Amino acid sequence: MRGPAAPKDPVEKRPCLYVVLDKTISGMRGNDGICRDYVYLEDRIVDQVKFTSGDIDEEILNMLPRMETFRKLVHSVGVSVKAEEQEEKEKTVEFQFQCYGKTDKYTTGTIMEMTCPCTGEELVIPVDAYPVNEEDDVFGSFNFIFPDENKNMSLTVKFYLNDGYEVPEIEVDPPVQFGSEGYNKMIADSLVSTGNNYRLKKVIEKAKKGEEVTIAYIGGSITQGAGAKPINTMCYAYRSYKAFCDMFSPCGGDNIHYVKAGVGGTSSEFGMIRYDRDVTKDGEISPDLVIIEYAVNDEGDETEGVSFESLVLKVLEAENEPAVLLNFAVFMSDWNLQGRLQPVGERYELPMVSVKDAVVPQFDKSDIITKRQFFYDIYHPTNDGHRIMGDCIAHLFEEVDKEPMAESDISLDREPVYGIQFKDIVRFDRNDAEKYAKINAKGFGKKDTEVQYVERDMDLTASPEFIDNWMNDGTVEGAEFTMEITCRNLVAVIKDSGSSKFGTADIYTDGKLVKSINPLDNGWAHCNAQILIDEKESAEHKVVFRMKPGNEGKEFTILGFGVTK
């Protein structure tokens, strides 16, 4: 093939910051029928650039989050999307770089956008093509809209800098050496303890005989599968489930059943409330093995360990005596709450796996995997990261299979580490509230349909949490939700939101103000569990939700409750 007679001179490239480098994206169909994917940037953009681009001057990093200083720093945004298969390369993806607005988070800020081919060709958006918008606040996300559900594609996003700014070139990571001696040692380092293996050995023996076995997973967004593409088959939960099937099922896994119940941004305080609905399907399923992952979510647990221990005991005390395995994930900052949660596992002699113990010691050397390869963003693993998490759990299965069975089961009659007063908690919502309480929902008569949606089990389509809720839409003067209930403990589940339509509610128990909850504090639509009553003895209580003065015309949604009598 002949080239042009006179090739053009190369265009000098500006120095650039890599925000995303070869990350996997894929379109999943939402409830509106549109296939989307996201890379979230709010409160993350600085850390995202640091871990992708390396050692960057703090002055430059501090210019990134807000449009005003971003314009001074960044000349243009380069985006490339690459599909592997020819059929996928012929498609296009709509790219949006969304700045959140001051008046309305999702609608009044600037959105830079363009249509990207899926061939890997880089297209560039000049920042000055968009006029100054006084409504611009902080950057929120990269959004991707696909023509249909698609196979995985590789994404790279760069910020090209204006004249006068310089940053170092990034170093390319070598491929992860899966299965190497160093890799296998890293996986082995994840084993905290096989614990008392009596229950887990029984599950393995049951599976080997071809009997029906159910493995369930409960946790936060990592258990939901965040960062895994596609979320249903590349997540650590499915990978470790599949490993169990391959090791122990004589019929290709047909006798091994799978329950995935991760909900992003929620702690064990919410997990203990939803366990019966999301895991046991209100008693229809009796899991044989439950894997619990809250080591990076429980910072938001008001009880600092009581909720987690209560959930563990709730599972262990089930009639079919399931095995429980604790899984300690890790954030890009090398942080987790293993120090808080591991003592619970030690008290009840549970098998435990620590992803932190496996990957963090080698991140500085990066001789097996780099942070850039392990993390999809500052919180969630990539497909490679999920594979490592799955391999850590599979290694524990292998080690337990080699061991002799413990002589007897663990005793649950022992002093708790933190407390177990919530272990018998029961969930209720608008659908069955009359069984538990007397309610006057004045002004809270609407149902909020814009609730948190999550992908469960093998589903690619998300389904809602707490769709039978009580919503105050701000139209009823003197709106007041009143509940009379007899209980020891009461936990309310409130909807957080990113919409400025929502306002603060004051919550009173027996006439005393116990909480003022602003749904905007966390900035996105998800479930937020809040303890309202925590007493040793059951008693009659009156609970009132009332909009805070100045917020009477705002919205507020009570998703449901957890109660112990």
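These legends describe close-up views of pockets, cavities, salt bridges and backbone features in a predicted model. Local features need pLDDT of at least 70, side-chain atom pairs count only at pLDDT 80 or more, and totals for chains, interfaces and linings use all residues. Residue numbers run from 1 along each chain as its sequence is written, and side-chain values use heavy atoms, with hydrogens and water left out.

**View 1. The second largest pocket has a volume of about 510 Å³.**
Its lining counts 19 residues, and the closest to the pocket centre are Leu21, Asp22, Arg372, Gln373 and Asp384. Strand 1 (16-25), helix 13 (371-374) and helix 14 (383-402) are the elements that give two or more residues to this lining. Strand 1 gives the largest share, five residues. By class, the lining holds nine nonpolar, five polar and five charged residues.
Terms: a pocket is an open set of points on a 1 Å grid over the protein atoms alone, with protein on both sides within 12 Å along at least five of seven lines; a cavity is a set of points where a 1.4 Å probe fits but cannot get out; lining residues have an atom within 4 Å of a point. Grid points are joined across faces, edges and corners, and a volume is the space filled by probe spheres set on the points. Helices (H or I, at least four residues) and strands (E, at least two) are DSSP runs, numbered from the N terminus. Ala, Val, Leu, Ile, Met, Phe, Trp, Tyr, Cys and Pro count as nonpolar, Asp, Glu, Lys and Arg as charged, and the others, Gly among them, as polar.

**View 2. The largest cavity holds about 70 Å³ of space.**
Thirteen residues line this cavity, and Asn196, Arg199, Val324, Leu350 and Pro351 are the closest to its centre. Helix 6 (198-208) and strand 14 (323-328) each supply at least two lining residues. The lining divides into nine nonpolar, one polar and three charged residues. The count of cavities of 30 Å³ or more is two.

**View 3. The second largest cavity holds about 40 Å³ of space.**
Pro15, Cys16, Tyr18, Val167, Pro168, Glu169 and Ile170 form its lining. Six of these residues are nonpolar, none is polar and one is charged.

**View 4. Aspartate 173 and arginine 372 form a salt bridge.**
Their closest N and O atoms are 3.0 Å apart. Aspartate 173 sits in the loop between strand 9 (153-161) and helix 5 (181-188), and arginine 372 sits in helix 13, so the pair ties together parts that are 199 residues apart in sequence. Aspartate 173 is partly exposed, at 23% relative accessible area. Arginine 372 is buried, at 12%. Arginine 372 is also among the residues closest to the centre of the pocket in View 1.
Terms: a salt bridge is a side-chain nitrogen of Lys or Arg within 4 Å of a carboxyl oxygen of Asp or Glu. Buried means under 20% relative accessible area, exposed over 50%, and partly exposed in between (1.4 Å probe, protein chains only).

**View 5. Aspartate 288 and lysine 206 meet in a salt bridge.**
The N to O distance is 2.9 Å. Aspartate 288 lies in the loop between helix 9 (268-278) and strand 13 (289-293), and lysine 206 lies in helix 6, so the pair ties together parts that are 82 residues apart in sequence. Aspartate 288 is buried, at 10% relative accessibility. Lysine 206 is partly exposed, at 26%.

**View 6. Lysine 91 and glutamate 88 form a salt bridge.**
The closest N and O atoms lie 3.2 Å apart. Both residues are buried.

**View 7. A network of salt bridges links Arg274, Arg277, Asp278, Asp282, Arg427, Asp429, Arg456 and Glu465.**
The whole structure contains 35 salt bridges.

**View 8. Lysine 229 and proline 230 are joined by a cis peptide bond.**
Omega is about -5°. Proline 230 is in the loop between helix 7 (221-224) and helix 8 (236-248). Most residues other than glycine have a negative phi, and most peptide bonds are trans.

**View 9. Aspartate 334 has a positive phi, near 75°.**
Aspartate 334 is in the loop between strand 14 and helix 11 (338-347). This residue is partly exposed, with a relative accessible area of 27%.

**View 10. Aspartate 457 has a positive phi, near 50°.**
Aspartate 457 is in the loop between strand 18 (453-454) and strand 19 (463-464).
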